[in-house]
Amino acid sequence: MGFQAFQRRGFGRWLLALTMSSAIAVAQPADAPPEEEPGDRGEGAVPRGGSGAVVKRPPTAKKARQIKPPRLLEFKAAKYPSGAEAAGVQGNVLLELTIDKDGGVIKSEVVEPAGHGFDEAARAASLDFRFDPATMDGKPIVAKIRYRYAFTLQEVEAPPPPPPSTGELAGRLRILSGDAPLAGAEVVITAPDGATRVVRSEADGSWRLPDLPPGKYRVRVAAEGFAPVDIGEEVVAGEATELVYRLAPEATGLEVLIEAERPPREVTRRTLQRRELARIPGTGGDALRALQSLPGVARPPGIFGLLIVRGSAPEDTETFIDGASVPLIFHFGGLTSVVPTELLDRIDFYPGNFSAKYGRVMGGIVDVGLKSPNTRCNADYMKPTDETGCFHGLLQVDLIDTRILVQGPLGPKDWTFAAGGRRSWIDVWLKPALEEAGATVTSAPVYYDYQLIADKRTDDGRLSVRFYGSDDEFKIIVNDPFSQDPGFGGNISLGTSFFRGQVVSETTLSEDLELYTMFSVGRDKVGLSLGTFVFEIDATPINPRSEFRWKASEGVKINAGLDFLLVPFNVLVRLPPPPRPGEASPGPFTTRPTLEQDEGGVAFRPAWYVEGEVTPTRRLRLVPGARLDYARDSSHGDFSPRFNARYDVIAPWDAEDETKPRKRTTVKGGVGVFHQPPQFQETDEVFGTPNIKSNRAIHYSVGVEQEITRQIELGVEGFYKDLNQLVSREAEDSGFAYDNRGTGHVVGLESLLKYKPDNRFFGWIAYTLSRSVRKDFADDDPYLFQYDQTHNLTALGSYRLGRGWEFGARFRIISGPLVTPVLPGLASLYAAEAAAYTPLSGEPFSERLDTFHSLDIRVDKRWQFKAWRLSAFLDLQNVYNNPAQEAVLYNYNFTQQTVQGGLPLIPSIGMRGEF
Amino acid sequence: MLLGRSVVVAVTVTLVGCAPSFDSQSKVQELRVFAIQKDNPYPKPGDTVDMTMLWADGAPNAPRDVVIAWFSGCFNPPGDLFTGCLEQFAGIDATTDPADLPDTIEVGEGPQFSFTIPSDIITRKDRLAEGAQPFGTAFVFFAACAGRLDVAPDDGEDLSFPLACFGPDESMLGADDFVAGYSQVFVYDELTNANPILTGFEINGREVQPDCIGTNCAIQPIPDVPVDCDVMACVKACPDDGAKSCPDIPIKPIIDRSSAELDTATTFLEDRELQEQMWVNYYADSGRVEGDVRLLNDALTGWNEDFGTNFRAPSEPGVMFIWAVAHDNRGGAEWVRVRVQVNP
């Protein structure tokens, strides 16, 4: 049989992988602009100054860590080259310094020479510099920084000034995300003798404290809504020390550390940061539901948690937890996601043209990142400090479930842990409701999930061990079978469960080579029973993944990896062949002939990929790649070449003065081939046709990203998906014959106007225009795909009002769902054996229901106590109770119809305590 | 998992009362076909199958002249789906020469029909279905028309039914006056199945004399004799005409538990026995039946003693009928008709 079963939600998913970050600190020029860091930063401020270094987020890092840059303690003046002095020549030398764990300079290389003897002089002097070494999580590490050494001639004609007796501290305050000035912040400096001076930052974020006696000072910067800065600085007589502090907006939930993202290997990656994940109205604080507010994602029908990306079917999009595929992402098909939001660090969403690292699907990719355990210590009122080794806890209760999370240091040195669990409450209220309705409830609907994470950071990498899983169960006996299909009665049970054990390692093998390795093993079980129909899967997915990341030369990086999947399985099925979208109604399930399959085996799907990251200039990034997949079940190999590119038409820095930021304009585009193996039943010898080929899609996309302000960015992207080789089927004497004659296309335009999160606000307006068409056979007429949504407009925002209050709203207006009408005149035939009518269907998906629109609001309130925090939220979905149209319902003989309304006004209330 | 999700959502939404309110299927106010009974639900190749239709005309202007027609001749259609048969019939219209019709087509008229299963119905399949007992399928189509039955005009649709019902003004009649449908007959070499066994009917916990059971209901005229309340069913009219405020009157057929057979078509479930899935459909031409369909036997949990339902009396005194049809999921059916005297 084919193991596509394990690639599909509902038939189980078995692929598992994980990613993690490296652990080196790399420096950038002291006077270069900082990396643009999207999203809500929970990490402390990064100091910058004339003699300071700025930590550039490691390009390979993806996970949060606390990195403190090296700071110059002792400056050694270089000898001015005599020839240059005589000629009146001045110059700047850019050096790259390697600073060891003790703060000594062990290597100094000239990056930008100035000639005239400046290079040698600067290099020699720099080797005598002394630094306060860089640290990661409090531990000294080796770091590289770039240092610009300026040679300036003294005015010999002027009379020598009196020797200065004082110095000066001055600088600018910026908001870490968005780089906006921070006004009104309090800057307090404490002299060696304990004397303090206070100043507030101006409107442009600048501040200045002159006439300071030389010595080491303590500088504290505080502003409401931001994590404070507390750092040591030195005042040198006769010098003005210019400093730039970037303050991070204060995290409101558990502290979240966010590092810069590595440059994308995809055309478009949309990243939702933690505050956005938890605060989007109408999602109940559920992170994965937040995705449905992004461009390119269609609204699923009803309460389903389907991910419909760029006009593709839900099964065409794969969801990973830290790079690892899981068989289901929502409890009970859409209630809430299987990993609580509190354990998520971020969600990366790739709507198309994704990296060669990902395969086996032709829609989109959702990669959910689990957070690293937080052991950062808090001061009073939960102000984060630089100390680590502390415990944190969380307890949340809402109408759906109760969750608990504990994290802190783990016994062995350098280990940290997080342990979470959740159990639903829905059985408490749904069981009586079902019994009142006449059902016998054998096992009330209940779900639970659990997560254990243990992390260890090393000097050159990170090791993470994880164990997580989920379980849903539901058993009832329906004594009133559905009159339109009496087979849907009697025993109905649904059970889905999975767990994963994972070990992830990321190691820096050398300066130019990193190795990422992941191994996971788990178990997936799916059980469905409905009358005489049975569907059971029991599988043990084993998934090794590995990727080498090699910096071949300046501007050229090669990522090469493997992605293997080995799945011992047992499957037991007794079902009629299910109808496919667009097919005529096959009649009631009750009387259709069942097919049976009971077999075990081992599915094997290896894949290899290689991808380049070529940056010939700082503005241009080219990402060619290719992936080779093989599926033993279908005996087919698939080669998928891909190419993505980004070019900064206007770079985010000024070429003349890189400290001056500019409004970035980026054009981007990509083209790539994506293969998706057939589904389980399509290649199974009983249910389908063995050896059919994979579905294939060619993604084309081109777009532009334009920074309007430091806080606001507009992105527009057009896309086209050419679908071919799609699996189609045709009825034959003994069932259905499958082949690859289906075609189709999706064309659309996405736009996103986003206000990046700052200390007060985040929000966006997303609009998608699209059309998704399918054709089953060459001679058939094309028809609109089941999930086609022409227009999808979402506007949302969340604002911190102060005093712990936050208010958010989301408004959506979206094209209505498509339905297949019944024929006029004689609309149905009576299927005598089932005692039920079956419709005579018209053109598939040829009618559209009314436009959907809805307003959701969310209010959060936080009470901060000295040692803990209490918060509450109210999330109201469909505030004005719009009766959305979800589907058409018919009477018993399809002569009367009405519209199935959507969800009414639904309040969701919860409370949370945390320390 | 779409199926699983559908089940969960459908069950939840339906059972907690969010389903729309249409007229109940059990309320017979027009021409209706309730069931087709085969003398042998699982015939063998070469067998002749005798079929009987249970129908009723609940229209306000009933009794009317009702034409019942049958035609067979569709064996092993593509996908074993009725739609494959309709595609075969798509070329048939009023101009078709009967001589051009396939030889296998057999036609009939009236509430009973017989046709013969081809002896090679199983072996003629190009590829015997894997994962299931070898079987053949035969479709028999029927139409009940309270008007003139004729070949349907070509509407250009592949899946439209080839017959139509016309009124006195030659207009095509709708679902109140015309019922079209099909019966799917599974043919096995060895498997057998029997129709459920109904022996009587209970109202308010008391066994009453039914009007008829099984084929007699289809072939015998309704007796024009007064209802004897000592042995037959009599209820008191309810001014609220079957509304929830009316007293609930428990009703149920008497069904032999041996009706529930093992579903022997299943071959691989070695550690468990699947039984037939069975249910009872209730119909009444007056008053109101609380549940259209009740579970009779579950494949896993077995017999459901609570397969009865409640009836609420109409406001108008007179004679009315209640039908109960027991089905199994393998094509078996049996029924009982009860005449009820509604007293003032």
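Modeller: In chain B, the domain assignment gives domain 1 (31–188) and domain 2 (198–343). Where they touch, 17 residues come from domain 1 of chain B and 16 residues from domain 2 of chain B. On the domain 1 side of that contact, the elements giving two or more residues are strand 1 (31–38), strand 2 and strand 9 (178–188) of chain B. Strand 1 of chain B has the largest share of that side, with five residues. Sorted by class, the side of domain 1 of chain B that touches domain 2 of chain B has 11 nonpolar, five polar and one charged residues.

The loop between strand 2 (48–57) and strand 3 (67–75) of chain B holds B:Pro63. The peptide bond from B:Ala62 to B:Pro63 is cis, with omega near 0°.

Stepping back to the whole of chain B, you'll find three helices and 21 strands. Of its 344 residues, 50% are buried. Take the contacts in chain B with a separation of 6 or more: 73% of them are between residues 24 or more positions apart.

Now for the other chain. Chain A has 915 residues, and buried ones make up 52% of them. Its secondary structure comes to six helices and 63 strands. Of the contacts in chain A between residues at least 6 apart in sequence, 67% join residues at least 24 apart.

Chain A is split into domain 1 (26–154 + 165–247), domain 2 (270–365) and domain 3 (366–914). Taken over C-alpha atoms, the centres of domain 1 of chain A and domain 3 of chain A are 44 Å apart.

Before you zoom in on chain A, check the confidence. The average pLDDT of chain A is 81, and 86% of the residues score at least 70. Residues 1–64 of chain A, though, have a pLDDT below 50, while the model still gives this stretch 266 contacts beyond near neighbours in sequence. Residues 251–262 of chain A also stay under 50, and there the model has 46 contacts beyond four places in sequence. Where pLDDT is low, the predicted coordinates should not be read in detail.

Let's look at some strands of chain A next. Three of them form an open sheet in the order 6-11-12, with antiparallel pairing. Strand 6 (67–68) and strand 12 (139–140) of chain A stand at the edges with a single partner strand each, so one side of each has no neighbour in the sheet. Between strand 6 of chain A and strand 11 (residues 135–136) of chain A there are two bridges, in the antiparallel sense. A:Ile67 has A:Met136 in strand 11 of chain A as its bridge partner.

Further along chain A, strand 54 (residues 805–814) pairs with strand 59 (residues 852–864) over 10 bridges, again in the antiparallel sense. Here A:Arg810 has A:Asp856, in strand 59 of chain A, as its bridge partner. Strand 59 of chain A also pairs with strand 60 (residues 869–877) of chain A, antiparallel over eight bridges. A hairpin makes the link from strand 59 of chain A to strand 60 of chain A, through four residues. Look for A:Gln864 there, which stands opposite A:Arg869 in strand 60 of chain A. As you trace the side chains, remember that in a regular strand they alternate between the two faces of the sheet.

A:Tyr381 has a positive phi of about 60°, although it is not a glycine. You'll find A:Tyr381 in the loop between strand 30 (376–378) and strand 31 (384–388) of chain A. A:Tyr381 counts as exposed because it has 11 other C-beta atoms within 10 Å, and the cut-off for exposed is 12 or fewer. A:Asn691 also has a positive phi, near 70°, in a residue other than glycine. The loop that holds A:Asn691 runs between helix 6 (680–683) and strand 48 (695–707) of chain A. With 14 other C-beta atoms within 10 Å, A:Asn691 is partly exposed. Both are worth a look because most residues other than glycine have a negative phi.

Conventions: Residues numbered from 1 in each chain as written. Chains lettered and ligands numbered in written order. Predicted model: local features only at pLDDT ≥ 70, side-chain atom pairs only at ≥ 80, totals over all residues. Domains from an automatic or database assignment. Buried ≥ 20, exposed ≤ 12 C-beta atoms within 10 Å, placed from the backbone. pLDDT = per-residue confidence, 0-100. Contact = placed C-beta atoms within 7 Å. Pairing = 2+ DSSP bridges. Nonpolar A, V, L, I, M, F, W, Y, C, P; charged D, E, K, R; others polar.
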